[in-house]
Amino acid sequence: MADIKNIFDIAGRSMAAQMVRLNTVASNIANANTRSGSAEQTFRPLRPVFQTAFEGGIRNAERATVDVKEIVTLDREPQRVHEPGHPLADEEGFVYMPPVDMNEELVDMLEASRQYQNNLEVLTTMRTLMLRTVDMGKS
């Protein structure tokens, strides 16, 4: 784990975590309508697990940010759908669809993109303030 030196590290790592979150949402949405021939082979939605990263690993440090600890597969039962003409249908005519809730995915996508935007705004503001400070020294 890299050191947390300044606001750029904090915001950058937070943006990277939100990008992982957006990528898992994109994967879930892309696989939402896939079908499989068995419950075991069916795609399961993914979720990142975040953890707080403290400066120097010390819990009461002055600076902290977030990292993705792992990406987990949600333990949800797939939907069993009767489609006897489908090539993957079992002997009873059923196929299995992923348990992806599109509303949940869209809300998660919206929240992750807003958090990403917030961190980008922090970086933009810091850059602007730093440039103003440099310009003040030129006067």
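Predicted model: local features only at pLDDT ≥ 70, side-chain atom pairs only at ≥ 80, totals over all residues.
Residues are numbered from 1 along each chain as its sequence is written, and side-chain values use heavy atoms, with hydrogens and water left out.

**Salt bridges**
- The structure holds nine salt bridges, each a side-chain nitrogen of Lys or Arg within 4 Å of a carboxyl oxygen of Asp or Glu.
- One of them joins Glu104 to Arg47, with the closest N and O atoms 2.8 Å apart; the pair links distant parts of the chain, Glu104 in helix α2 and Arg47 in strand β1, 57 residues apart.
- Helices (H or I, at least four residues) and strands (E, at least two) are DSSP runs, numbered from the N terminus.
- Glu104 also meets Arg76 in a salt bridge (3.1 Å, N to O), and Arg76 lies in the loop between β2 and β3 (79-82), 28 residues from Glu104.
- Salt bridges that share partners join Arg47, Arg76, Glu104 and Glu105 into one network.
- Arg47 is buried at 13% relative accessible area, whereas Glu104 is partly exposed at 28%; buried means under 20%, exposed over 50% and partly exposed in between (1.4 Å probe, protein chains only).

- Helix α1 (residues 7-30) has 24 residues and reaches 34 Å from its first C-alpha to its last, close to the 34 Å expected at 1.5 Å a residue, the expected span being 1.5 Å times one less than the number of residues.
- The buried residues of α1 include Ile10, Arg13 and Ser14, and their cover includes β1 (46-54), β2 and α2.
- Thr65, in strand β2 (residues 64-73), is buried at 8% relative accessibility.
- Thr65 touches residues including Ile10, Arg13 and Ser14, contact meaning heavy atoms within 4.5 Å.
- A polar atom of the Thr65 side chain lies 2.9 Å from the backbone oxygen of Ile10.

**Pro98**
- Pro98 lies in the loop between β4 (94-97) and α2 (102-138) and is buried, with a relative accessible area of 2%.
- Pro98 and Pro78 are 20 residues apart in sequence and 5.0 Å apart in space, C-alpha to C-alpha.

Key. Polar contact = N/O pair within 3.5 Å; in protein donor to acceptor, adjacent residues only side chain to side chain. Lists of a residue's contacts leave out its neighbours within four places in sequence.
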